[in-house]
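Reader: I have a new structure to look at, and I would like to learn how to read its features. Could you walk me through a few of them?

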Amino acid sequence: RLAAATHLAAPADWRVRSPETIAGVARRGPDTGLVPDRLTLSPSQADAYRSCPRRYALERRLLIDDGGSIHAELGSVVHAVLESVERSAHDRGDDRGSLDAALVDLDARWEPGRFGGGEWARAWRDRAAEILENLYTFWPGSGSLVDVEIPVDLERNEVRWSGRIDRVERTADGLVVVDYKTSRTATSVAEAAVSLQLGFYVLAAEQMLGEPVVGAEFWYPAALLKRGITTRAFDTDRLDEVEEALDTAARGIAQERWDPQPSADCERCSVRWVCPAWPEGQEAFSR
């Protein structure tokens, strides 16, 4: 690195452009101008901002990321299968679809090239099939199906919040909203109890459907227990905490406060190399 810097600084006829024009050398510009006057946000954006404002700005606003992951690809496929199969069940008047229908749909939409082809793709296809088998074998819901993949919106303090609910069921006590998760590791019980995503779904579904929502759950069919799959529930008595957190995130984003927030997540951060909180990122802000 020192040799490269010395070479760049030394007079030379080979240089095609001034080192001052190289990325990371120019004087630092403003951190503002990333958001429009009229904000449209999602609960996942609020979660991302709360986790680290700097990372949110780089990944969500400037679209600097690592291009996604194969795990996200798997989640997209499983969600697409469940949307198709459960939509068909809803149209028939059934409370849920079947494993056979899900596997047929999986094979119809499977694209091996998205998963590396060959043995890699076959392994990922088997994992998707396992997730579906777990879900339909140990189905955790007990209500009647109301609808699937419902787009919802919520207006709060001149900010439009939007999202999509995977599933809504009707129980004897009222409506329950469900969000499928395909990761093997479930969030903690305490974290789920105040989940911004589930809390937003409760608020938005009540407003849109005009009925009380008595529960909201994450389903983790990849996290198999001895007698079922892992689920996590939201505490509807803590809706006020969710509303406050949504408003706080919206204010920070509107005011474009992008301070880095170091945590254990930094080890897996795709934009750490341009984050001023870390030595490797500080080089981009040396002037």
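Predicted model: local features only at pLDDT ≥ 70, side-chain atom pairs only at ≥ 80, totals over all residues.

Reader: Where does Glu158 lie?

Author: Glu158 sits in the loop between β2 (144–156) and β3 (159–170). Now look at its backbone. Most residues other than glycine have a negative phi. Glu158, though not a glycine, has a positive phi, near 65°.

Reader: What is phi of Glu256 near?

Author: Phi of Glu256 is near 55°, again a positive value in a non-glycine residue. You will find Glu256 in the loop between α9 (239–254) and α10 (279–282).

Reader: Is Glu256 buried or exposed?

Author: Buried means under 20%, so Glu256, at 14% relative accessibility, counts as buried.

Reader: How many aromatic pairs are there?

Author: The count comes to 10 aromatic pairs. Take Tyr180 and Trp219: their ring centres are 6.2 Å apart and their planes meet at 55°, so this pair is tilted. Tyr180 belongs to strand β4 (residues 175–180) and Trp219 to strand β5 (residues 213–225), so the pair ties together parts 39 residues apart in sequence. Both Tyr180 and Trp219 are buried.

Reader: Which residues form one aromatic cluster?

Author: Tyr136, Trp139, Tyr180 and Trp219 do.

Reader: What lies over the face of Trp278?

Author: That is Arg272, at 3.6 Å from the ring centre.

Note on methods: Residues numbered from 1 in each chain as written. Heavy atoms only, no water. Phe/Tyr/Trp six-rings, centres within 6.5 Å; stacked < 30°, edge-to-face > 60°. Helix = DSSP H or I, 4+ residues; strand = E, 2+ residues; numbered from the N terminus. Buried < 20%, exposed > 50% of the residue type's maximum accessible area, 1.4 Å probe, protein only. Lys NZ or Arg CZ within 6 Å of the ring centre and 35° of its normal.
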